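Visitor: Hi, I'm new to this one. Could you walk me through it?
Guide: Happy to, let's bring it up first.

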Amino acid sequence: WKGQGGRKSEAGTRKERRDWTRSGQVRMNALCAKMNGLTTTVGSNRSAYLKGDRSVSAPRLVAANTPAAMGAGRARGRTPLKVVAARVAGVEIPNAKKVEVSLTYIYGIGPTTAKKIMTKTGVENKRTKDLSEDDLSKLRKEVEDGGYLIEGDLRRFTAMNIKRLIEIQCYRGKRHQMSLPVRGQKTKTNARTRKGKKKTVAGKKK
């Protein structure tokens, strides 16, 4: 049972709730009117979108080295698109470095092999970005068909050798298995590359 004071407070709460709902409706109506005003504004950028026309025109592709593209790039404050890296044997070699250095980015090709490739192809040792398409084709052909053990084949070859050593359980195989140095290095200190991050052992006496 509620007293008269309880009934009055409940009536007051109900009235407040009704007033709040009305003010919310008024605000919503004002917002809708504002949105309608935007759709009818002449020359408004958003009017077509708000009316429901959401079609986007396809971008026009222009070659990066044409005057039109360069001019457009400058006007928008952007630099024109350009090739960043050449692809040789499935690897992107850097564009700004000399070819001899760029070739060493391919797994299995070091400075000596890179020099040998350059001598065989007769390509001048200039920056990769300055190479002609013909020079790049020569390099690709020599690297891919020259009998060099590179990239995936070399990784597989190495993995198979390690697997064989582990299977026959020779000394080197066991060292590989335990992730320890294989070639007689000390392990009391150092050898962190093979052993990994230092693990603290609790209660170890010196």
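Guide: A word on terms before we start: helices (H or I, at least four residues) and strands (E, at least two) are DSSP runs, numbered from the N terminus. This is a predicted model, where local features need pLDDT of at least 70, side-chain atom pairs count only at pLDDT 80 or more, and totals for chains, interfaces and linings use all residues. Residues are numbered from 1 along each chain as its sequence is written, and side-chain values use heavy atoms, with hydrogens and water left out.

Visitor: Thanks! What comes just after H5?
Guide: That is Gly-122, which takes a positive phi of about 75 degrees.

Visitor: And which residues of H5 are buried?
Guide: In H5, residues 111–121, they are Ala-114, Ile-117, Met-118 and Thr-121. Buried means under 20% relative accessible area, exposed over 50%, and partly exposed in between, with a 1.4 Å probe and protein chains only.

Visitor: Why do they line one face of the helix?
Guide: Seen down the axis of H5, the buried residues fall within an arc of 100 degrees, so they line one face. That arc is taken from the directions from the helix axis to the C-beta atoms. As background, an α-helix has 3.6 residues a turn, so residues three or four places apart point the same way.

Visitor: What's on the face turned away?
Guide: There you find the exposed residues Thr-112, Thr-119 and Lys-120.

Visitor: What covers the buried side?
Guide: The cover includes helix H4 (99–102) and helix H6 (133–145). It is judged by contact, meaning heavy atoms within 4.5 Å.

Visitor: New topic: where is Gly-146?
Guide: Gly-146 sits in the loop between H6 and helix H7 (151–167). At 32% relative accessibility, Gly-146 counts as partly exposed. Its C-alpha atom is separated by 9.8 Å from that of Lys-120, 26 residues away along the chain.

Visitor: What does Ile-106 touch?
Guide: Leaving aside neighbours within four places in sequence, Ile-106 is in contact with Val-88, Val-91, Ile-93, Val-143, Ile-150 and Glu-151.

Visitor: Okay, what's the mean pLDDT?
Guide: The mean is 77, and 69% of the residues reach 70 or more. pLDDT is the predictor's confidence in each residue, from 0 to 100.

Visitor: Which elements have the lowest and highest means?
Guide: Helix H2 (residues 47–50) has the lowest, 46, and helix H8 (residues 171–177) the highest, 95. Where pLDDT is low, the predicted coordinates should not be read in detail.
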